[in-house]
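Subject: Structure handover and notes

Dear colleague,

I am passing on the structure we spoke about, and my notes on it follow directly below. Please read them with the coordinates open beside you.

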Amino acid sequence: MCYKDELQEKNWETLQRALDKDGAPAFIRRYFILCKSKATAKNYWSTIRDLLMWAIENKIIPKNSISEITPEDMLNIEAPEVNMYLDYKVSHDNITLTTIETKKNALRSFWKYLVETNQCPVSNNVIGSVTYDGIKSSIYNNSIKKCPKDDDIKDMEERIRAKKDPFLRERNLLVLRVLKGTGVREGELAGLDLQDVDFVGDEWGGAYILVLGKGSYRKENKRKVYLTKDAQNAIQEWLEIRKKKKHIIDKDALFLNKNGKRLTESNIQAIFKVYGNGLTPHMLRHWYATIIANQDGGSLAAQQQLGHHSILTTRQNYINNTYRMRDILDAI
């Protein structure tokens with residue numbers, strides 16, 4: 001079982017426990033079978049559950065618990081009720097407008113299922129008529145805010161260098177270099193196996209790694225991400241360290257933790273939490289896209305490396321067009 005399959009299984013088990021705890025009716029539970037990402041499914045249930053509990057507490061759904069809800073009860077929730085719910089979340093729970101947009105997306109997906117299933121009398125996706133607007137993350141958290149400064153990355157490197165444990169020090173530095181030199185997500189890096197590295201490369205971009213991207217769960221969907229020279233060197237240096245590691249448990253995994261198991265997505269996030277001083281792995285993805293976009297290949301090369309289906313996603317959300325603007329202006 002590959003890393004992503006293991007994560008899917010764990011997330012599915014966690015979701016099932018949550019659904020069991022609330023006694024979620026069968027017609028609701030069926031929706032989550034359709035969710036491709038079980039991590040997303042977990043988050044969606046949190047939003048759906050919250051709305052249903054609010055509707056029960058406010059006598060919109062005339063039941064005492066989620067377990068008692070019937071398909072017909074869903075007819076009681078229309079656009080005005082969802083508006084009231086979102087307004088309540090902002091005024092009482094102080095949630096952000098970006099979170100409002102995320103909640104609307106989750107509810108829109110759930111209501112789409114209610115409309116399409118024969119097990120529920122709902123015939124209209126009421127979320128489309130909800131007028132309470134949030135703000136899309138691409139506008140609220142723009143590419144400038146998400147892209148770290150070069151000095152911030154250097155400061156993180158220095159903090160890692162102060163680590164006394166030589167294995168963790170070198171591994172963490174090399175993980176950072178690979179993220180800088182590929183722009184891959186932390187989950188993609190965690191999922192890398194030894195066989196996913198090709199130092200010979202091809203005629204187009206040289207050495208590369210094969211990553212299973214966001215929303216993909218089959219090995220056939222792996223995409224090539226070409227390596228910068230420094231990322232290639234970092235992986236080669238890591239392999240030398242890995243050879244000396246005793247008691248390796250996950251023998252196929254490229255990066256390992258101290259116990260010889262696969263380095264997980266949460267492990268990588270923890271490295272940044274300890275040493276990043278506010279930096280996240282995803283911020284390095286923005287930095288990488290910005291650097292690539294400033295080369296001859298431009299944003300098209302950045303799009304290909306990041307695996308985005310649309311170049312608009314790359315341009316609008318990932319490339320900081322003010323990067324090193326001061327140097328440019330000073331040179332004029």
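Predicted model: local features only at pLDDT ≥ 70, side-chain atom pairs only at ≥ 80, totals over all residues.

To begin with a charge and a ring, lysine 245 lies over the face of phenylalanine 167, at 4.6 Å from the ring centre.

Just after helix 1 comes glycine 23, which takes a positive phi of about 65 degrees.

Turning to the aromatic residues, a search of the whole structure finds 10 aromatic pairs. In one of them, the rings of tyrosine 31 and phenylalanine 110 have centres 5.3 Å apart and planes at 75 degrees, so the pair is edge-to-face. This pair links distant parts of the chain, since tyrosine 31 sits in helix 2 (residues 26–33) and phenylalanine 110 in helix 5 (residues 97–116), 79 residues apart. Tyrosine 31 counts as buried at 3% relative accessibility, and phenylalanine 110 likewise at 1%. Phenylalanine 110 also pairs with tryptophan 111, and as their ring centres are 5.6 Å apart with the planes at 90 degrees, that pair is edge-to-face too. Tryptophan 111 is buried, as is phenylalanine 110. Ring pairs join Tyr31, Phe32, Trp45, Phe110, Trp111 and Tyr113 into a cluster.

Finally, the nonpolar cores. The largest one has 50 residues, of which Met156, Leu179, Leu189, Ile209, Phe255, Ile268 and Phe272 touch the most other members. Several elements each supply at least two residues of this core, among them helix 8 (150–161), helix 9 (166–180), strand 2 (206–211) and helix 12 (265–275). Helix 9 gives the most, with 8 residues. Leaving aside neighbours within four places in sequence, isoleucine 209 is in contact with residues including Thr182, Val184, Leu192, Val197, Val225, Leu227 and Ile235. A second, separate core of 41 residues includes Leu51, Ile69 and Cys120, together with Tyr31, which is also in the aromatic cluster.

Best regards

Note on methods: Residues numbered from 1 in each chain as written. Heavy atoms only, no water. Core = buried A, V, L, I, M, F, W, Y, C linked by side-chain atoms within 4.5 Å. Buried < 20%, exposed > 50% of the residue type's maximum accessible area, 1.4 Å probe, protein only. Helix = DSSP H or I, 4+ residues; strand = E, 2+ residues; numbered from the N terminus. Contact = heavy atoms within 4.5 Å. Phe/Tyr/Trp six-rings, centres within 6.5 Å; stacked < 30°, edge-to-face > 60°. Lys NZ or Arg CZ within 6 Å of the ring centre and 35° of its normal.
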